[in-house]
Amino acid sequence: MTDFEALRAAVIKGKRNDVAAIVQAAIDGGEDINLILDRGMIPAMREIGDKFSRNEAYVPELLIAARAMQAGLALLEPLIAASGRKSMGKVAIGTVKGDLHDIGKNLVAIMLKGAGYDVIDLGVNCDITKYEEGVKQGATIIGCSSLLTTTMPYMKEVVAYFKDKGVKVVIGGAPVTQAYADEIGADGYSEDANGAVKLIDSLLKTA
Amino acid sequence: MKYKVISCNVFKREIEYAAARSPYSLEIEFLELGEHARPRELRRKLQERIDAIDGFDAVLLGYGLCGTATDGLAAGKVPLVLPRSHDCCGILLGSRKRFEELFADMPSSPFGSVGFVEHGDYYFSDGEMLFGDGYAALVEQYGEDDARYIWDAMHPKLDGRLQPITFIAIPEIPCEEAMARCRARADEEGRAFQVETGSLRLIRGLLAGNWDESEFLIVPPGRSVRQVGDWNEIIRLA
């Protein structure tokens, strides 16, 4: 019997060795992979993300929580692949050109992976060519992130480039707003990583 | 003319220098540096102050867009004036054009100035700041392994290298000591260090009522600031 409460607490506190141990024990005990994610790790990441939004958690805490979640995901991923579980879809995600900040982008990537998406992480400083590589690898959604008001304008170029190419572009990051997303014609905007998963769910449902 | 100035104390020396030479009556209030990391809170603080101001000809802001802190800010009883700049870097360099020349290729490059060193920011402060904790404090709190991970995540690299830091030296403002501290910190982190000459041009213009609309946004009572999402206009009236 998996102690989901202990798993959630270990993710929130960023105890990656504990997370790995609990997840491994759960796997060994034949626990349902979906339950490990849905009752353990994902709610924990949501909680730390919400705390961060409320200024109750700081960047370091968010980072080690994400690292802990990643440690658990790394154990689950081969099993998910082997189980033949159908992917929710393929998303290519990257921080825009001129911007090297990837904390937010990495959080979105991890939440998407947890939700069952294939994520192509394009890294930072992504120009249009780089996003296009993601599309060539099968992504139908592009996620653009920026931390700075100086790099946010590049999103407009990305959105314009992929218009009418059968790919949806969603945007997010500290300076980005719904108003800006509407103005540049992006297919969606989310304020945080939890919202990003919901946004992409809804875009793929209506696609 | 009588102006109320509200400024980030990153510009403390520059504004004091220019204010001492201004023909106008200036009442100046400095707010702590680094608040751009929490733009909503900074916006709220600025708005509270702006709303309470009366009996001046204008409120002059020593702020740029600053992580969207001034996006949505409304003028109070008197006009509000602020430079069209993404952040203090453009203001310290004296023009948008100069900022573009130096930073358009890699806007994520860090910069420093006398005010940054004296008042501390994420690059210098080991205190409470969001991005701030010094490495030793991180080790103490999270242990060596996680501390290294956190440190690396907070100091983004491009192709395995930290971006150089540009120290902006304004000729009128003595900066040898600050520059030396900035250089020492860069060395410690393994970052290249470079110096560019800044200018008081925009700060002088702000305090002198010399508000060319291509460089300053003048917000009349009843209107507010809106970020544009570009490099030319940066902010406009909403």
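**Entry 1: chain A against chain B**

I started with the polar contacts and counted eleven residue pairs between chain A and chain B, both residues at pLDDT 80 or more. The term covers N or O atoms within 3.5 Å; within protein, one must be able to donate a hydrogen and the other to accept it, and residues adjacent in sequence count only if both atoms are side-chain atoms. On the side of chain A that touches chain B, α4 (59-83) and α8 (178-184) of chain A each supply at least two residues. The largest share of that side, six residues, comes from α4(A).

A note on the ground rules: this is a predicted model, where local features need pLDDT of at least 70 and side-chain atom pairs pLDDT 80 or more, while totals for chains, interfaces and linings use all residues. Residues are numbered from 1 along each chain as its sequence is written, chains are lettered from A and ligands numbered from 1 in the order in which they are written, and side-chain values use heavy atoms, with hydrogens and water left out.

Next I looked up salt bridges (a side-chain nitrogen of Lys or Arg within 4 Å of a carboxyl oxygen of Asp or Glu). There are five between chain A and chain B. I checked B:D146 with A:R67, and their closest N and O atoms are 2.8 Å apart.

How many residues does each chain bring to the contact? Chain A gives 28 and chain B gives 33, with contact meaning heavy atoms within 4.5 Å. About 2600 Å² is buried between the two chains, and carbon and sulfur atoms give 60% of that. Buried area here is the accessible area (1.4 Å probe) that two parts lose on being put together, summed over both.

**Entry 2: the sheet of chain A**

I found an open sheet of five strands in chain A, ordered β2-β1-β3-β4-β5, with parallel pairing. β2 (118-126) and β5 (188-189) of chain A are at the edges with a single partner strand each, so one side of each has no neighbour in the sheet. Strands (E, at least two residues) and helices (H or I, at least four) are DSSP runs, numbered from the N terminus, and two strands pair if DSSP finds at least two bridges between them.

β1 (90-96) of chain A and β2(A) pair over six bridges. A:G94 stands opposite A:G123 in β2(A). Helix α7 (154-162) of chain A packs on this sheet, touching β1, β2, β3 (141-145) and β4 (168-172) of chain A, and its direction makes about 165 degrees with that of β4(A). Axes are lines fitted to C-alpha atoms, for helices over the stretch in contact, and angles run from 0 to 180 degrees between N-to-C directions.
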